[in-house]
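Have the coordinates open while you read.

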Amino acid sequence: MLNGYGVLWVSIGTWLRGKVLQAIFYMIISDLAIKLSLEKGIIMATKNSSNEIKITRVYDAPVKMVWDAWEDPKKVVQWWGPRGFTLTTQIKELKGGGTWIYTMHGPDGVDYPNKTKYLEVDRYRRMVYDHGGNDIQKPLFRVTVNFSEENGKTLMDMTMALPTPEAAEQTRKFIKKAGGDSTWDRLAEFLVKESNNQEVFVINRSFQAPIDVVFDAWTKAEQFSQWLSPTGVSMKFFRSDIKPGGSTFYMMTNNTDITMYGRISYKDIERLHRITYTQQFCDKDEKISRHPLVPTWPETMLTTVQFAEEAANQTRVTVTWEVSGAATPEEMKTFVESRASMTQGWTGSFDKLDNYLTDSGR
């Protein structure tokens, strides 16, 4: 379980499935958008919000640091693109009329050439660019990104304009299925590393439900157990005391050949805003143990879950995962190299949460 409850299902192919999904996502999106853009020409920004995909993130870094991460080719190479992809930049001129020519290298070994044309750049405030074109195809869509800073944190507000509502809806589905928003999670991880020399894992997901309903799904044991475990895995609590200073003891199993136990210790719960807890693997008697499949996995992990109301009936959840306490270099290496698998595990759990919220009418 490569979500926050720790079992890395590497042995049953989760890591590989995550890699493949990323490649499929990129290729499907490209094919769909290429056809649309060739039919309609360069995609212009539109006032019709149904044609648009909006992404909002708050980064714990000043706006200059966030902007520099976009501007400096040596920095952007460390976070741009879905997990599993790498990047080679030939030219990058972040200015009005400038061009960014680069190649995305997929986990399947396929290269995807790109040419971004910057139409408007107001340094530290705003950029507008056409994305996804190259020498043989027109841009796929137009992107507007606004940056603002408050109390040392940066709000990044992005809008991607597609040619039709149908194209936007299909793109949303593909992004959700394949974890395509991981680019912006990778940016968050890069900024933490840049600021504190600390390794973290970050994942975001938006849910079509009020913030109090989503929060309760994390803090009521009878709801929590319905969705937290990855797809194909069930969860049972032996003890559930979800409050600051409280703890839970649980079992996760696929009901065939894998059964694992774990403990969560809650440090802080701020209703509708934040949950912080540590987690560890245990044996059936609740004695701390190591990961049964990956012995170099760190003993204790710290999880922070943040909730933000994006609209009256839409809530964004941000999960940040980091090593708690001492860890060996080998354990840190295992953690860092497992981010693609963690994304896949959390995506499966979030899919279950989405279905749970829909099916229960919450």
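Let's start with the charges. Across the whole of this predicted model, a search turns up 21 salt bridges. Three of them are set out below.

| Pair | Closest N and O atoms |
|---|---|
| Arg-126 and Glu-120 | 2.8 Å |
| Arg-205 and Asp-354 | 3.1 Å |
| Lys-333 and Glu-337 | 2.9 Å |

Take Arg-205 and Asp-354, whose closest N and O atoms sit 3.1 Å apart. This pair ties together distant parts of the chain, with Arg-205 in strand E8 and Asp-354 in helix H9, 149 residues apart. Are the two partners buried or exposed? Arg-205 has a relative accessibility of 9%, so it counts as buried. Asp-354 is buried as well, at 12% relative accessible area.

Now look at Arg-126 and Glu-120, with 2.8 Å between their closest N and O atoms. Here Arg-126 is partly exposed, its relative accessible area being 27%. Glu-120 is also partly exposed, at 34%.

Lys-333 is partly exposed, with a relative accessible area of 49%.

Some charges join up in a group: Arg-83, Glu-189, Lys-193, Glu-199 and Arg-339 form a network of salt bridges. Two of those names, Glu-189 and Lys-193, fall within helix H5, which runs over residues 182–196.

H5 has 15 residues and spans 21 Å from its first C-alpha to its last, close to the 21 Å expected at 1.5 Å a residue. Which of its residues are buried? The list is Ser-182, Thr-183, Trp-184, Asp-185, Arg-186, Leu-187, Ala-188, Glu-189, Phe-190 and Leu-191. So that network member Glu-189 is among the buried residues of H5.

What covers these buried residues? The cover includes strands E1 (52–59), E7 (153–161) and E8 (201–207), along with helices H2 (63–71), H3 (73–76) and H9 (339–359).

How values were computed
Residues numbered from 1 in each chain as written. Predicted model: local features only at pLDDT ≥ 70, side-chain atom pairs only at ≥ 80, totals over all residues. Heavy atoms only, no water. Helix = DSSP H or I, 4+ residues; strand = E, 2+ residues; numbered from the N terminus. Expected span 1.5 Å × (residues − 1). Buried < 20%, exposed > 50% of the residue type's maximum accessible area, 1.4 Å probe, protein only. Contact = heavy atoms within 4.5 Å. Salt bridge = Lys/Arg side-chain N within 4 Å of Asp/Glu carboxyl O.
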